[in-house]
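Hi,

Here is the structure I said I would pass on. Have a look at it first, and my notes on salt bridges, helices and charge follow below.

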2 protein chains.
Amino acid sequence: MIPTKVHAEVTQVKVVENVKEENNMKNMMKKVDRYPGRVWRAAVKMGKEDPRKVTHSLKVGLALTLVSLLYLLEPLFEGIGDNAIWAVMTVVVVLESTAGATLCKGLNRGFGTFIAGSLAFLIEFIANESGRVFRAVFIGTSVFLIGAITTYMRFFPNIKKNFDYGVMIFLLTFNLIAVSSYRVDNVLKIAHERFYTIAIGCGICLVMTLLIFPHWSGENLHNSTISKIEGLAKSIDACVNEYFDQIEETYDESNKDPIYEGFKAVLDSKSNDETMALHASWEPRHSRHCYKCPGQQYVKLGAALRQFGYTVAALHGCLRTQIQKKKLNKQISKITITSLEFSEALPLAAFVSLLVEAVAKLDIVINEVEELGNLACFSECVKKDGDDQYETITIKYETPRVDLDQDHLPSNRTE
Amino acid sequence: MIPTKVHAEVTQVKVVENVKEENNMKNMMKKVDRYPGRVWRAAVKMGKEDPRKVTHSLKVGLALTLVSLLYLLEPLFEGIGDNAIWAVMTVVVVLESTAGATLCKGLNRGFGTFIAGSLAFLIEFIANESGRVFRAVFIGTSVFLIGAITTYMRFFPNIKKNFDYGVMIFLLTFNLIAVSSYRVDNVLKIAHERFYTIAIGCGICLVMTLLIFPHWSGENLHNSTISKIEGLAKSIDACVNEYFDQIEETYDESNKDPIYEGFKAVLDSKSNDETMALHASWEPRHSRHCYKCPGQQYVKLGAALRQFGYTVAALHGCLRTQIQKKKLNKQISKITITSLEFSEALPLAAFVSLLVEAVAKLDIVINEVEELGNLACFSECVKKDGDDQYETITIKYETPRVDLDQDHLPSNRTE
């Protein structure tokens, strides 16, 4: 009962290694020639698949050019001066591909900077009262203590998940202010100017991310959930079709297994889902008929889908074993099949039992989807004429033909 | 056949919500009073569980204090000047909790800065030849183009995985140099000074991470793999024990399910494994009897373990259904059990079949572990007297009692 197909994830690395060995120097030169063309084709393909990546890149370019104008245009530079560099830095670091991620990072940066600034000024105030040596020792000690405590705090799972970036910026700003305050007399003025330029940088980021072709994390989360559900549906469909031999099994080790392709995205989706839900929670309501994106409900649905996915994975494994068995038994006549032995009936029973298990898991998924529908105020799906996007789904309940004399597993001793 | 226990992952959120509702204002005040104590206890607990978190925090504090001395000590400051601030920034951003992560980030930062600097000087060189207006337009255009292209490049999965941080630093440095070169005449001198201070920052990070209580990503990867294997073993053990009723099922919904606790860490381990393997690949050989950590083999083993984990998850689901069934059938005598109906035999067959499936998956795991042992030159495990850490594992093969007349599934029609 060794599975015929070790999963792509495991074998892929081996295949890549073999390919590498074959490419000797001769081929390499050819490849280097063709390399720019290959990169270009890959880039064009990625852009066609998801045009939002292109718009985001152009948005970043535009934002950087705008913020550079602070430096390049004479009147603007006179007002702001050298500190304009902080605006450039803010734009590079804060502008992310979705509105939620940008807001999350921007606000983390803002709060981190603000708290660090306040604390640094407090310490500066205490240190100012005393002599130069005491001041240096005091600043050094506080840098050590704040550094160690803050770093330790970053290990707390809750802080790591939500505020990791903010805490890092806090530490960075605190150190910059505390240390440079020792040399510069008018720290408050510098902080003031920097605050303005960082605000300008954040402002440009916000305008770019919220007003110009905005991409929403909530939307991404919704779409990824849909594609996961569709993938699972395709997997189950392929599983059942393959089991009842309605399609030919023409794929081999190197080809893609449609069942595995369908459910693999679901299995490792946890951290991705949680990040998107976290970012979505920062986003304002962004559509007329939809309230704030219920990110946590999507995470719950994702967990239910993963549980369902594990059953599908087991079903897939069971099917692989089954196909192996079938090939061995192909010569056996139909009559013999009704007199299966226990060891032969086992995979059959496992397949059926796993399908039943999958239905139970599907029940949980359906409940979560319904709750999500309530929370997110989904509207009913209406089919328009000539619109292929919406299809009416008809669920047929077929009563299974129960034939007591034929369908039960026969035991050996009666034959 | 609805499972009795919806998985902890799904229900946990509900439980938390209920608890939240119960805590009204009265309780909240009490909680605020006790909050510092709770945080302190949580911090102490975390430190006891993993003392490396404490040492890392102290290391960061020490590194920051050392780098602050550049500013605080008169002779050092005279040599370096205001640019010392870049050393502080480097230490905060680059120093990570493991040697591999620090090296990865530091080298990414170094290469990113170097390439960006070279490119910026090239553009500066072209721009210098012409008039002031053309120069501004040229710099603006190049900022836009480089910004857009670099951001688009970050979407390539390969670059995102390995060099995301380096590309960001490239963009940051390029913009800083390109823009500030417009106003400052002697950019080369500034760049030179900054390079020195960043090198000092990186140097402090390297000393801290490689020489003082070093923590290795490779070691973390190894330990996490061990704990995953142990967790799976405990799960399987608990599954089989529970199935044959050797332990009492005393836990309820709120208690932790030992089976689920055992395998849940395995299921979502993909991204974590890959990050640790990536960092481990940057680490030098760090032990006398061990060659470079074979990170990719750990990733392959992790993939095999996940496949095994999916089967255990299915087994767990099957067991939950089975326990439900058992409770219903507790009154039925032992004699009736031998005359199970098809629908009752189904979960039994599924459980057995899944165990067989698990054995097949375990075979793959064993192969991967053996290959890992070869690659990483594991030494044989020798038991020392009085040392509880190593236990001799004896595997007993028991021939199952096969009783053809009793053990096969009986059909209905013979009763």
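I call a residue buried under 20% relative accessible area, exposed over 50%, and partly exposed in between (1.4 Å probe, protein chains only). Areas come from the Shrake-Rupley method, and for residues only the protein chains shown count as cover.

Some housekeeping: this is a predicted model, so local features need pLDDT of at least 70 and side-chain atom pairs count only at pLDDT 80 or more, while totals for chains, interfaces and linings use all residues. Residues are numbered from 1 along each chain as its sequence is written, chains are lettered from A and ligands numbered from 1 in the order in which they are written, and side-chain values use heavy atoms, with hydrogens and water left out.

Now the salt bridges (a side-chain nitrogen of Lys or Arg within 4 Å of a carboxyl oxygen of Asp or Glu). Searching the whole structure turns up 19 of them over all chains. One pairs R52(A) with D50(A), with the closest N and O atoms 3.3 Å apart. R52(A) is partly exposed because its relative accessibility is 30%.

Another has D268(A) meeting R306(B) at 3.9 Å, N to O. D268(A) sits in the loop between α11 (258–267) and α12 (270–280) of chain A and R306(B) in helix α13 (residues 295–328) of chain B, so this pair joins two chains. Helices here are DSSP runs (H or I, at least four residues), numbered from the N terminus. D268(A) is partly exposed at 24% relative accessibility, whereas R306(B) is buried at 2%. Both belong to a salt-bridge network that also takes in K270(B).

Within chain B, K300(B) and E371(B) form a salt bridge, also at 3.9 Å from N to O. K300(B) is in helix α13 and E371(B) in helix α15 (residues 342–376), so the contact ties together parts 71 residues apart in sequence. K300(B) is buried, with 5% relative accessible area, and E371(B) is partly exposed, with 31%.

Helix α12 (residues 270–282) of chain B has 13 residues and spans 19 Å from first C-alpha to last, close to the 18 Å expected (1.5 Å times one less than its number of residues). Its buried residues are D273(B), M276(B), A277(B), L278(B), H279(B) and A280(B).

Finally, K30(A), R34(A), R38(A) and R41(A) form a positive surface patch (residues with over 30% relative accessible area and no salt bridge, like charges joined within 9 Å). Lys and Arg count as positive, and a charge is placed at NZ of Lys or CZ of Arg. R34(A) lies in helix α2 (residues 25–49) of chain A.

Cheers

Terms used: Patches are made of residues with over 30% relative accessible area and no salt bridge: like charges are joined within 9 Å, nonpolar side chains (Val, Leu, Ile, Met, Phe, Trp, Tyr) within 5 Å. Accessible areas come from the Shrake-Rupley method with a 1.4 Å probe; for residues, only the protein chains shown count as cover.
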